[in-house]
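Subject: Structure handover

Hello,

My notes on what was found follow below.

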Amino acid sequence: MRGTRRELLQVTLGAAAASLAGFARAAESAPAQLRIGFQKAAVNLVVLKQQAALEKRFPASTVKWIEFPAGPQLLEALAVGSLEFGLTGDTPPVFAQAAGKDLRYVGAEPPKPLSSALLVKPDAPLATLADLKGRKVALQKGSSAHYLLVRAVDRAGLQWSDIQPVYLAPSDARAAFERGSVDAWAIWDPYYAAVELDLKPRVLANGRDLSSNNSFYLASRALTEQHPQAVLTLLAELSRADAWVQAHRKEAAQLISDFSGLNLATTHLFISRRPVSPAAPLTPAIVADQQRVADAFARLGLLPQAVRVADIVWSPTSKSL
């Protein structure tokens, strides 16, 4: 029995030492400043922020959190050196890469096709996607909703020139939708959940069979090259946060509601559409899916140049650690 206790103590001490060594490696590899861009729908990042998890994991770093209304604005900040890390939907990185912005895909979450939709008023005469012809559709340019609308127009057998896109940030788009100055609105959660509860719009289409609605974590080139272990630590912490959300749905909804100012019903609704969402480096399948997004915009002439997504995908190879 004494030997068993000694062995157990050795195992416990060994695990503790390994854990401390992991924390030490993370601290050694962490940048002096870690500025993180996020949006209200960035559940895993919001959980980490509210739990002060990264401040504990990177004690030698100054961690700053900066909120953005949408992905294009976030990636612009990342490109000009105002951020090191952030989360967006599928389309913003495509536009950023096409514009020559220096950034890297470092992680992805599983698809969330039900978390974005093309909405019309309950009494609108639009019944099918083909009815979008000649209509004004509000959307954030360069957002995941942009790709959803591109796919919807294509599915309807229409040309992009057949509709009238009205490029507005989410808050302005909602106001235009409520006034009736646009006929439809392409939007994502939690804005989608909020208007769904408030106005009871009809869903003309969601991402199912149109868009995977992938979410991507992006980082500056400097972070990936100088602090690759920190990138892996970030992905691990994000996955841990997601596991906590899945195990504590009620607490997670309250935490996000308290932080964002969204009412609890809205938070519960948009979380209910969100599948298990760990963060991991991009797989070949996700890269291929993202290339389809880029190619769709290139075919429409909406990008200044075609892009090869794989060119800016970071992978945690042994040489980078």
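**A buried loop residue**

Asn213 has 8% relative accessibility, so the residue counts as buried (buried means under 20% relative accessible area, exposed over 50%, partly exposed in between, with a 1.4 Å probe and protein chains only). Asn213 sits in the loop between β9 (202-206) and β10 (215-219). Helices (H or I, at least four residues) and strands (E, at least two) are DSSP runs, numbered from the N terminus. The phi of Asn213 is positive, about 55°, although the residue is not a glycine.

Which residues does Asn213 touch, leaving aside its neighbours within four places in sequence? They are Asp90, Pro111, Lys112, Pro113, Ser115, Ser116 and Ser144. Contact means heavy atoms within 4.5 Å. Asn213 and Ser144 are 69 residues apart in sequence, yet their C-alpha atoms are 6.6 Å apart in space.

**Ground rules**

This is a predicted model: local features need pLDDT of at least 70, side-chain atom pairs count only at pLDDT 80 or more, and totals for chains, interfaces and linings use all residues. Residues are numbered from 1 along each chain as its sequence is written, and side-chain values use heavy atoms, with hydrogens and water left out.

**The chain overall**

The chain has 13 helices and 10 strands. Its radius of gyration is 21 Å; a compact globule of 321 residues would have one near 20 Å, so the two agree. That radius is taken over C-alpha atoms, and the globule rule is 2.2 Å times the number of residues to the power 0.38. Along the principal axes, the C-alpha atoms fill a box of roughly 80 × 40 × 30 Å.

Of the 321 residues, 50% are buried. Take the contacts between residues at least 6 apart in sequence: 79% of them join residues at least 24 apart.

Helix α10 covers residues 228-247. Its 20 residues should span 28 Å at 1.5 Å a residue, and the end C-alpha atoms are 29 Å apart, so the helix agrees with expectation. The expected span is 1.5 Å times one less than the number of residues. Buried residues in α10 include Leu234, Leu235, Leu238, Ala241 and Val245.

Trp244 also lies in α10. Its C-alpha atom is 25 Å from that of Pro228, 16 residues away along the chain. Beyond neighbours within four places in sequence, Trp244 contacts Val47, Gln51, Glu251, Ala252 and Leu255.

Helix α11 runs over residues 249-260. Its 12 residues should span 16 Å, and the end C-alpha atoms are 16 Å apart, which agrees. Ala252, Ala253, Leu255, Ile256, Ser257, Phe259 and Ser260 are its buried residues. Their cover includes β1 (33-38), α2, β2 (62-67), α10 and α12 (264-272). Just after α11, Gly261 takes a positive phi of about 85°.

**A buried strand residue**

Ala184 lies in strand β8. Its relative accessible area is 0%, so Ala184 is buried. Ala184 and Val120 are 64 residues apart along the chain, with C-alpha atoms separated by 4.7 Å.

**Loop points to check**

- The peptide bond from Asp189 to Pro190 is cis, with omega near 5°. Pro190 lies in the loop between β8 (184-188) and α8 (191-199).
- Ala52 has a positive phi, near 55°, and is not a glycine. Ala52 is in the loop between α2 (43-51) and α3 (53-57). At 27% relative accessibility, Ala52 counts as partly exposed.
- Ala99 is in the loop between α5 (91-98) and β4 (104-109). At 48% relative accessibility, Ala99 counts as partly exposed. Ala99 is 54 residues from Leu45 in sequence and 26 Å away in space, C-alpha to C-alpha.

Best wishes
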